[in-house]
Amino acid sequence: MSMTHTEIAPFADRQAGFSHLRALADRMDGRRITPLFAADPARAARFTARFDDLSLDVSKSSIDDVALQALFGLAATAGLDDFRRRLFAGEPVNTTEHRAAMHMALRAPEDSGLQAILPHGSDDAAAMAGDERARMRRFVVAVHDRHIRGFTGQVFTDVLSIGIGGSDLGPRVATEALTIGRSDAKLTPHFLSNVDGHAFLEATRGLDPARTLVLVASKTFTTQETAMNAAAARAWIVAALGEQAVASHFVALSTNVKAVAAFGINPDRVFAFQDWVGGRYSLWSPVGLVIPLAVGWEKFQQMLDGAWSMDCHFRDAPWQQNLPVLLGLTGIWHTNALGCATQCILAYDERLRRLPAHLQQLEMESNGKHVMLSGAPTGWDTGPILFGEPGTNAQHSFMQLVHQGTRTVPVDFILAANADHDRPDAHRALAANAFAQAEALMHGRSEATIRADMAARGIAAPEIDAIAPHRVAPGERPSNTIMFTRLDPFSLGRLIALYEHKVAVQGCLWGIDSFDQWGVELGKQLASGILPELTPDAAKDHRHDASTNALIERFLSLRGES
């Protein structure tokens, strides 16, 4: 499919759509939320969409019926329906790399027929993913059944997953979500991503090399940080067990067969994935092998099933009931109508403590773009800066700014109605805080109310005059609430897929390629050039800007190597 085909909406039409959204926000009360509830007692129900037990409440935004129709109009102008069709048809929606974005095939039934169109032919993506998934399952079951053991014959008790970016964040959030607070892990998971040597020491602290299985996740097997950490892990295994132990203790999640063989990993311990799987969408692939090794194959399959259910919902549901579409459009309103530069993720669940980190990569790497598919500048803002922490921790750190700061920060509250522990009082307190934070963001507290309350408590007028302004919370600050029955493998897969498709919706409306990441490559290239200069015997003719040259010299001087 040519790039001109994907540029469905002329620039002027799309720009007019964004201008119209800004005009709607600039209406009297166009940025306020509370008047919408006062005018419509049924607003909460009308602006809540459901998919089975999963609900998305966007009523605490300033989107009214007129604004919603304008958002639907922009989606039509941008060709959202055709984009969904092309995405699931396996067409190369990743235009700059001429690739499909067929991560949905990783969780689809292998007979679903999902294809990935290539320059010369096509892959039966679902069937290929199913074949590799079957190999993964056999390996996982053999490890758990103790048929596959370490070099000395001891069973594996720990698994160390080495990767970075999408090869770390997705597998880590899923594994933690399904193991924190539980005692039924099959293998204890550990993660190593940062090239900092301290990270390696921490990841391997207390581990027995004879009982540790090491996964190395790198498509090319050349990613600098992963390669260095893999080499360190290899030396750790060799020092304890000898060179011959490498083949028994390492698994490669890669397509570079030659480099993997040179490392000493057996071909039957290599699991591959295709170019139509982007790194930040790869937790469903062999890159996520740590997940079933830690929690068991059945739970991993349930997670895949949950994601596939969201895939089908996104593909088939009309916009008015489509959760990824509505979540994406709400974000468009906040970014392009209200001018919000940030987005906060608050998961009121300790098991989802790494979800904001995964979504940071998913959203900011996907939609942190300044040019359209044609290469022309967008002319409008794209991906916001995303941050977050678990609730209630966030309430005692950055939520001060969200409530009383000068900038509006939209918030996504995420909550399961049921917990998997025996402290129902704690879970009710958790839920109460989530609902209260959303309510406080919307209603705020006026100075008049504060003054009346302080006066009723007998506080003197001078003290009221001094303190009351500082307690004012402006309110009218938007949030969404995502809620479901309980956090389990199925609902986890569904939740992550919801955000994957939300990102794609927004990329479609912004007219950008959500599936490439050329900005990531620049830093990698420059680092590879600087690294040789950071050695004692390096030539001193640094060819960088004056600041970088000085920093290199200062680094060497502090090491006594200048």
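Predicted model: local features only at pLDDT ≥ 70, side-chain atom pairs only at ≥ 80, totals over all residues.
1. Two strands pair if DSSP finds at least two bridges between them.

2. Five strands form an open sheet in the order 6-5-7-8-9, and the pairing is parallel. Strand 6 (188-192) and strand 9 (270-271) are the edge strands; each has a single partner strand, so one side of each lacks a neighbour in the sheet. Strands of a sheet pair through backbone hydrogen bonds, either parallel or antiparallel.

3. Now go across the sheet, strand by strand. Strand 5 (residues 158-162) runs parallel to strand 7 (residues 212-217), and five bridges join them. Here isoleucine 162 lies opposite valine 216 of strand 7. Strand 7 is in turn joined to strand 8 by four bridges, again parallel. Valine 216 stands opposite alanine 252 in strand 8. Two bridges link strand 8 to strand 9, also parallel. Alanine 252 faces valine 270 of strand 9 across that pairing.

4. Look next at the side chains of strand 8 (residues 250-253). Phe250 and Ala252 point one way, whereas Val251 and Leu253 point the other way. In a regular strand the side chains alternate between the two faces of the sheet. Are these four residues of strand 8 buried or exposed? All are buried.

5. Last, the surface charge. Glu110, Asp111, Asp124 and Asp131 form a negative surface patch. Aspartate 131 belongs to helix 7 (residues 125-144). Its relative accessibility is 49%, so aspartate 131 counts as partly exposed; exposed would need over 50%.

Methods:
Residues numbered from 1 in each chain as written. Heavy atoms only, no water. Patch = residues over 30% accessible without salt bridge, like charges linked within 9 Å, V, L, I, M, F, W, Y side chains within 5 Å. Areas by Shrake-Rupley, 256 points an atom, 1.4 Å probe, with all protein chains shown as cover. Salt bridge = Lys/Arg side-chain N within 4 Å of Asp/Glu carboxyl O. Lys, Arg positive; Asp, Glu negative; His and termini not counted. Charge placed at Lys NZ, Arg CZ, Asp CG, Glu CD. Buried < 20%, exposed > 50% of the residue type's maximum accessible area, 1.4 Å probe, protein only.
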